[in-house]
Amino acid sequence: MSIIEAPGVAYNFTLDVLFNIADALGVKAEDLLKGVWQTALEK
């Protein structure tokens with residue numbers, strides 16, 4: 001996660017990584033992309 005979030009670092013990740021992150025957080029991948037994951041985590 002820190003590599004993906006690091007400022008100034010270009011890191012390409014696959015949809016598999018996106019879905020794995022969403023699964024780990026218990027949210028939908030589309031919520032991560034929309035930026036509504038914090039609300040989704042509160043459910």
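Leu-15 is exposed, with a relative accessible area of 60%; exposed means over 50% relative accessible area, buried under 20%, and partly exposed in between (1.4 Å probe, protein chains only). This residue belongs to helix 2, which spans residues 15–25. The model is predicted: local features need pLDDT of at least 70, side-chain atom pairs count only at pLDDT 80 or more, and totals for chains, interfaces and linings use all residues. Residues are numbered from 1 along each chain as its sequence is written, and side-chain values use heavy atoms, with hydrogens and water left out.

**Overall architecture and confidence**

- The protein has four helices and zero strands, where helices (H or I, at least four residues) and strands (E, at least two) are DSSP runs numbered from the N terminus.
- Read from the N terminus, the order of the elements is α-α-α-α.
- The mean pLDDT of the protein is 76, and 56% of its residues reach 70 or more; pLDDT is the predictor's confidence in each residue, from 0 to 100.
- Among the elements, helix 2 has the highest mean pLDDT (89), while helix 4 (residues 37–41) has the lowest (60).

**Surface**

- The protein consists of 43 residues, of which 16% count as buried.
- Its accessible surface comes to about 3,600 Å², and carbon and sulfur atoms account for 56% of that area.
- Accessible areas come from the Shrake-Rupley method with a 1.4 Å probe, and for residues only the protein chains shown count as cover.

**The two sides of helix 2**

- Leu-18, Ile-21 and Ala-22 are the buried residues named in helix 2.
- They cover an arc of only 100° around the axis, which puts them on the same side of helix 2; the arc is that of the directions from the helix axis to the C-beta atoms.
- The face turned away from this buried side carries the exposed residues Asp-16, Asn-20, Asp-23 and Ala-24.
- Just after helix 2, Gly-26 takes a positive phi of about 75°.

- Leu-18, which lies in helix 2, is buried, with a relative accessible area of 8%.
- Leaving aside neighbours within four places in sequence, Leu-18 is in contact (heavy atoms within 4.5 Å) with Phe-13, Ala-29, Leu-32 and Leu-33.
- In sequence, Leu-18 and Ala-29 are 11 residues apart, and their C-alpha atoms are 6.5 Å apart in space.
- For Leu-15 and Ala-29, 14 residues apart along the chain, the C-alpha separation is 9.0 Å.

- Side chains of opposite charge can pair when their charged atoms come close.
- The structure holds one salt bridge, defined as a side-chain nitrogen of Lys or Arg within 4 Å of a carboxyl oxygen of Asp or Glu.
- This salt bridge joins the side chains of Lys-34 and Glu-30, at 3.3 Å from N to O.
- Both residues, Lys-34 and Glu-30, lie in helix 3 (residues 29–34), where they are four residues apart, about one turn of the helix.
- Lys-34 is exposed, with a relative accessible area of 58%, whereas Glu-30 is partly exposed, with a value of 42%.
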